[in-house]
Amino acid sequence: MGSVSRREELAANLAAVRARIVAACEAAGRDPAGVTLVAVTKSWPAADVEHLAALDVRDVAENKDQEGAAKVAACDDPDGRLRWHFVGQLQTNKCRSVVTWARVVHSLDRRRVVDALSTAAVGAGRTVGALVQVDLAPAAASRAPGGAGPAPGGRGGAAPADVPALAAAVADAPGLRRLGRMAVAPRGAPPAPAFARLAELAAAVRAEHPAALWVSAGMTGDLEEAVQTGATHVRVGSALLGARPSTG
Ligand SMILES: *Cc1c(COP(=O)(O)O)cnc(C)c1O
């Protein structure tokens, strides 16, 4: 399969995803301009990112530092038009590298990572957009503040009880610009009620910190539910690029 046909394939996939976003916005009475598509390119080559960039995709996400850093370096993007996002689980020892290529980190889930990312951003002379990832698994909702461990069925993130303190830490952290909330729908539960809880949390934080406007929610399988409940950023991988090899 040559690159021209891959470009055509990606163009068709992109048109279909954009149509889904527009339809979901219409159903929700929302302006499609309020929903940004973030293409999750993990496990796909830099050439695919270049195709997407040529098709006017600006926001691209990776979930691993090593793969992300290598892909950014391999991408031909002389005008710096691409905005790279980090959406994976973040380890403190990766922060120094992540701030060199990611302009937005969606997955701040504990205080130590907020502090490490802040230190790294200041050291690199950068400002990084930061979202607190919320664990929407039902069992996480009853976790006390500071309670340990991810909830069963959870997809990572801080327990809702810990979110206000983490959000405040991000707001106070030099080098970080607080943007909002992110979540991945829990496994084995309908996404809509989970995303509705995320929207409530986001609204509560916005009341105190009006600049925290982003709600990053929704993927290939549930972007409609996410748009319905107010997502501002949907993170779409397989509907755009195809099914990932099982490692993805
Ligand atoms: C892989 C990934 C996505 C995209 O998932 P698809 O189902 O392929 O659209 C979105 N968010 C995160 C955090 C991911 O790791």
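The model described here is a predicted one.

The space that the ligand takes up is the largest pocket. Around the ligand stand Val-40, Lys-42, Val-87, Met-182, Met-219, Thr-220, Arg-235, Val-236, Gly-237, Ser-238 and Arg-244.

Several members of the shell come within polar reach of the ligand. For Thr-220, a polar atom of the side chain is found 2.6 Å from a ligand oxygen atom. Arg-235 also takes part through its side chain, where an N or O atom lies 2.9 Å from a nitrogen atom of the ligand. Ser-238, by contrast, is involved through its backbone: a polar atom there is 2.8 Å from an oxygen atom of the ligand. On its own, the ligand has 390 Å² of accessible area, and the protein covers 88% of this.

The loops come next, starting with the one that holds Thr-232. This loop connects helix H8 (223–228) with strand S8 (233–236). Thr-232 has a relative accessible area of 16%, and because buried means under 20%, Thr-232 counts as buried. Two contacts of its side chain can be described. A polar atom of the Thr-232 side chain lies 2.8 Å from the backbone nitrogen of Val-215. The side chains of Thr-232 and His-233 are also joined, by a polar contact of 2.8 Å.

Ala-139 belongs to another loop, between strand S5 (128–133) and helix H6 (163–172). Its relative accessibility is 37%, so Ala-139 is classed as partly exposed. Pro-152 is 13 residues away from Ala-139 along the chain, and the C-alpha atoms of these two residues are 6.9 Å apart.

Ser-43 sits between strand S1 (36–40) and helix H2 (46–54). Although Ser-43 is a residue other than glycine, its phi is positive, near 75°. With a relative accessible area of 28%, Ser-43 is partly exposed.

Terms used
Residues are numbered from 1 along each chain as its sequence is written. This is a predicted model: local features need pLDDT of at least 70, side-chain atom pairs count only at pLDDT 80 or more; totals for chains, interfaces and linings use all residues. Side-chain values use heavy atoms; hydrogens and water are left out. A residue is near a molecule or strand if one of its heavy atoms lies within 4 Å of it. A polar contact is a pair of N or O atoms within 3.5 Å; within protein, one must be able to donate a hydrogen and the other to accept it, and residues adjacent in sequence count only if both atoms are side-chain atoms. Accessible areas come from the Shrake-Rupley method with a 1.4 Å probe; for residues, only the protein chains shown count as cover. On a 1 Å grid over the protein atoms alone, a cavity is a set of points where a 1.4 Å probe fits but cannot get out, and a pocket is an open set with protein on both sides within 12 Å along at least five of seven lines; lining residues have an atom within 4 Å of a point. A molecule sits in a cavity or pocket if more than half of its atoms lie within 2 Å of its grid points. Helices (H or I, at least four residues) and strands (E, at least two) are DSSP runs, numbered from the N terminus. Buried means under 20% relative accessible area, exposed over 50%, partly exposed in between (1.4 Å probe, protein chains only).
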